[in-house]
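Here are my notes on the model, as numbered points. Please read them with the structure open.

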Amino acid sequence: MDLLRLARLFSRAHPMGLFILQHLDPCRARWAGGREGLMRPVWAAFSSSSSQLPLGQEHPENTGSLDSDPSHSNSTATQEEDEEESFGTLSDKYSSRRLFRKSTAEFHNLQFREQREEQREPEPKLWRGRRNTPYWYFLQCKRLIKEGKLVEALDLFERQMLKEERLQPTESNYTVLIGGCGRVGYLKKAFKLYNQMKKRDLEPSDATYTALFNVCAESPWKDSALQSALKLRQQLQAKNFELNLKTYHALLKMAAKCADLRMCLDVFKEIIHKGHIVTEETFSFLLMGCIQDKKTGFRYALQVWRLMLSLGLQPSRDSYNLLLAAARDCGLGDPQVASELLLKPSEEATLLQPPVGKQQPRRTAQAKAGNRMSAMLHVEALERQLFLEPSQALGPPEPQEARVPGKAQPEVETKAEPSHTAALPPVALKPPPVELEVNLLTPGAVPSTVVSFGTVSTPGDRLALIGGLEGFLSKMAEHRQQPDIRTLTLLAEVVESGSPAESLLLALLDEHQVEADLTFFNTLVRKKSKLGDLEGAKALLPVLAKRGLIPNLQTFCNLAIGCHRPKDGLQLLTDMKKSQVTPSTHIYSALINAAVRKLDYTYLINILKDMKQNRVPVNEVVLRQLEFAAQYPPTFDRYQGRNTYLAKIDGFRAYYKHWLTVMPAEETPHPWQKFRTKPQEDHDTGKEADVDECTLGGR
């Protein structure tokens with residue numbers, strides 16, 4: 001009989017199959033009948049394995065086992081019986097394993113993809129309210145941004161407009177949000193919106209590029225912002241996109257804050273080359289670029305000022321404020337170079353002189369100076385003068401007899417006004433010595449007897465060169481400009497400390513009807529505290545209260561600068577506690593600085609105890625101050641004998657070590673943290689990781 005038919009008989013699990021087998025093969029029948037115990041597992045194995053197969057499919061082992069010898073069948077049956085008994089016990093073998101084979105990268109990617117699918121945010125609900133238009137969302141976002149609610153504006157656009165209502169945004173929707181990000185310097189979000197705008201095939205406008213350059217200028221990370229702005233500018237140049245004057249102003253502002261004065265002049269020359277008419281706002285951004293150079297910025301600002309006057313432009317109040325900022329923060333540079341460029345008119349300097357006579361209206365002056373070639377000559381002459389080397393500016397030395405006939409020139413002290421006896425640095429004059437009023441804002445007003453500058457080191461010296469307090473305000477009145485609170489605050493910072501001009505500032509508030517603010521009074525309090533006049537600083541507090549102003553933490557911090565004695569510092573902390581005002585880290589830093597200067601470790605421990613009691617977090621500045629106080633002097637030797645200083649510093653070091661273990665550290669918040677959208681549990685606005693996928697923005 002065919003073996004295939006025989007296997008079918010066995011697969012039916014019927015006793016008739018065994019009966020037929022006995023009659024067809026007597027030898028095998030004797031084997032099967034003589035060893036019934038061995039036949040049962042074989043029969044069970046055949047029935048269990050064959051019953052799982054469909055009809056017409058058989059295992060090759062089953063067919064081959066019928067032709068094998070009895071000894072082989074015996075071992076096979078024993079092995080199958082052992083496998084039956086060990087079924088379900090394999091988990092004990094693998095549960096104690098410590099090492100497993102490494103899985104493939106594809107398997108890890110698959111697991112990560114499944115986790116992301118599980119964590120994927122649910123689909124937002126469809127909007128069921130009144131259908132709005134993209135223009136309505138534009139107005140709402142504009143209103144929220146004006147109120148300083150950038151987070152709410154972004155959430156309204158991304159969640160409600162795009163996800164819930166599923167509206168198609170327009171160019172204005174993106175531009176108003178990019179402009180809002182530009183005000184706070186949110187660089188990455190602005191460029192992400194710009195990339196989304198391009199993916200939707202929306203054409204950016206001039207306002208879009210203006211906002212992008214502005215966000216680069218306001219970004220806290222100047223290097224990455226500069227790279228993003230340069231890349232954007234290259235893209236616009238590749239497309240031959242013509243920028244308007246507003247966009248050029250934003251680009252000039254970016255160059256002033258993120259680059260240097262050379263790039264500002266390159267942008268300025270491009271503005272003139274494109275045929276745009278420069279205004280006083282253009283020169284305001286140039287003055288910003290001058291302030292970035294702390295060493296020579298004041299001389300640069302005076303030269304840019306003269307170029308503005310030579311073009312017939314009238315300075316604005318912002319221009320005067322920027323000039324005061326340059327006098328406060330920047331130096332004059334090399335005095336000899338400054339003397340050659342500011343005091344002695346050269347051939348190129350005559351080109352930059354303002355027109356003689358009464359100044360005409362701005363529009364007429366701009367129309368006369370509208371010749372592009374003439375304006376370019378002015379800028380090129382300014383550029384050559386700005387970046388002159390000292391050897392190029394001075395030229396060959398002249399004989400002393402050629403400069404001044406007769407006797408040598410004595411250096412004398414001059415003053416710009418009676419209140420500034422030592423404000424103006426020494427200048428070389430021809431005899432007899434006379435008192436001169438110097439104001440470099442008007443080149444023609446500089447007397448010819450003034451030959452060179454002396455050392456100009458303080459802000460008061462630089463203020464004296466532009467006329468002093470009264471001369472500066474009179475110059476503003478000539479251009480019909482009134483000072484604001486920002487102007488008077490800058491004047492309070494640059495006037496000589498303790499001079500009579502400082503006491504005139506409060507009278508100027510009432511004279512010009514300017515409403516004072518806390519920043520102005522905090523400036524006066526800080527100047528008196530730095531002089532060590534703590535009582536004079538406290539005397540300003542009743543004046544502040546009389547004007548309806550309440551001291552803030554900055555006021556107390558300025559008072560802490562003048563607390564050089566332990567009694568004054570501890571009294572200040574007590575008064576703040578009575579006023580229910582918690583001292584800040586800056587206040588403690590000012591007190592620690594005064595204690596470290598005198599190496600008063602008892603006072604220092606009392607400050608740290610109060611800081612620990614109020615749980616004020618510690619920043620990096622405080623840690624540097626305390627680490628310096630905890631160091632031994634370089635020449636200190638503990639084995640020379642008993643020293644009182646040793647006992648004090650060791651006690652402070654022991655307390656400081658324990659103090660560090662219990663004090664919290666101050667976390668510096670990310671500049672953009674408060675402008676990021678709300679978490680997922682509040683609103684379905686997308687994850688922060690999506691915000692960081694910008695390809696063109698910075699950090």
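1. Is Arg 480 buried or exposed? This is a predicted model, and in it Arg 480 is exposed, with a relative accessible area of 69%. The residue sits in the loop between helix H27 (468-478) and helix H28 (485-494). Its backbone deserves a look. Phi of Arg 480 is near 55 degrees, a positive value in a residue other than glycine.

2. Leu 599 also calls for a backbone check. Phi is positive here, about 55 degrees, although Leu 599 is not a glycine. The residue lies in the loop between helix H35 (585-598) and helix H36 (601-613). Leu 599 is partly exposed, and its relative accessible area is 41%.

3. Now the overall make-up. The protein has 39 helices and two strands. Of its 699 residues, 43% are buried. Take the contacts between residues at least 6 apart in sequence: 72% of them join residues at least 24 apart.

4. One annotation can be set against the model.

5. Next, a helix pair. Two packed helices are described by the angle between their axes and the distance between the axes. For helix H11 (residues 171-184) and helix H12 (residues 187-199), the angle is about 165 degrees and the axes are 9 Å apart. The pair is therefore roughly antiparallel, since angles over 145 degrees count as such. The crossing of H11 and H12 is left-handed.

6. Which residues in H11 and H12 meet? H11 brings Glu 171, Tyr 174, Thr 175, Leu 177, Ile 178 and Cys 181. H12 brings Lys 189, Ala 190, Leu 193, Tyr 194, Gln 196 and Met 197. By class, this contact of H11 with H12 has eight nonpolar residues, two polar and two charged.

7. A second pair is H14 (residues 222-238) with H16 (residues 261-273). Their axes come within 15 Å and cross at roughly 25 degrees. That makes H14 and H16 roughly parallel, because the cut-off is under 35 degrees. The crossing of H14 and H16 is left-handed. Leu 226, Leu 230 and Arg 233 of H14 make the contact with Met 263, Val 267 and Glu 270 of H16. Four of these contact residues are nonpolar, none is polar and two are charged.

8. What does His 249 touch? His 249 lies in helix H15 (residues 245-258). Its relative accessible area is 5%, so His 249 is buried. Leaving out residues up to four places away in sequence, His 249 touches Thr 279, Glu 281, Thr 282 and Phe 285.

9. Helix H18 (residues 297-310) holds Arg 306. With a relative accessible area of 9%, Arg 306 is buried, the cut-off being under 20%. Leu 342 is 36 residues from Arg 306 along the chain. The C-alpha atoms of Arg 306 and Leu 342 are separated by 9.8 Å.

10. Asn 558 belongs to helix H33 (residues 553-561). The residue counts as buried, at 1% relative accessibility. Residues up to four places away in sequence aside, Asn 558 touches Asn 522, Val 525, Arg 526 and Ser 529.

11. Last, Met 611 in helix H36. Is Met 611 buried or exposed? At 0% relative accessibility, Met 611 counts as buried. Neighbours within four places in sequence set aside, Met 611 is in contact with Thr 585, Tyr 588, Val 616, Pro 617, Val 618, Val 622, Trp 659 and Met 663. Thr 582 is 29 residues from Met 611 in sequence, and the two are 9.8 Å apart in space, C-alpha to C-alpha.

Notes:
Residues are numbered from 1 along each chain as its sequence is written. This is a predicted model: local features need pLDDT of at least 70, side-chain atom pairs count only at pLDDT 80 or more; totals for chains, interfaces and linings use all residues. Side-chain values use heavy atoms; hydrogens and water are left out. Axes are lines fitted to C-alpha atoms, for helices over the stretch in contact, and angles run from 0 to 180 degrees between N-to-C directions. Helices (H or I, at least four residues) and strands (E, at least two) are DSSP runs, numbered from the N terminus. Angles under 35 degrees count as roughly parallel, over 145 as roughly antiparallel, 65 to 115 as roughly perpendicular and the rest as oblique. A crossing is left-handed if the near helix is turned anticlockwise from the far one by less than a right angle, and right-handed if clockwise. Contact means heavy atoms within 4.5 Å. Ala, Val, Leu, Ile, Met, Phe, Trp, Tyr, Cys and Pro count as nonpolar, Asp, Glu, Lys and Arg as charged, and the others, Gly among them, as polar. Buried means under 20% relative accessible area, exposed over 50%, partly exposed in between (1.4 Å probe, protein chains only).
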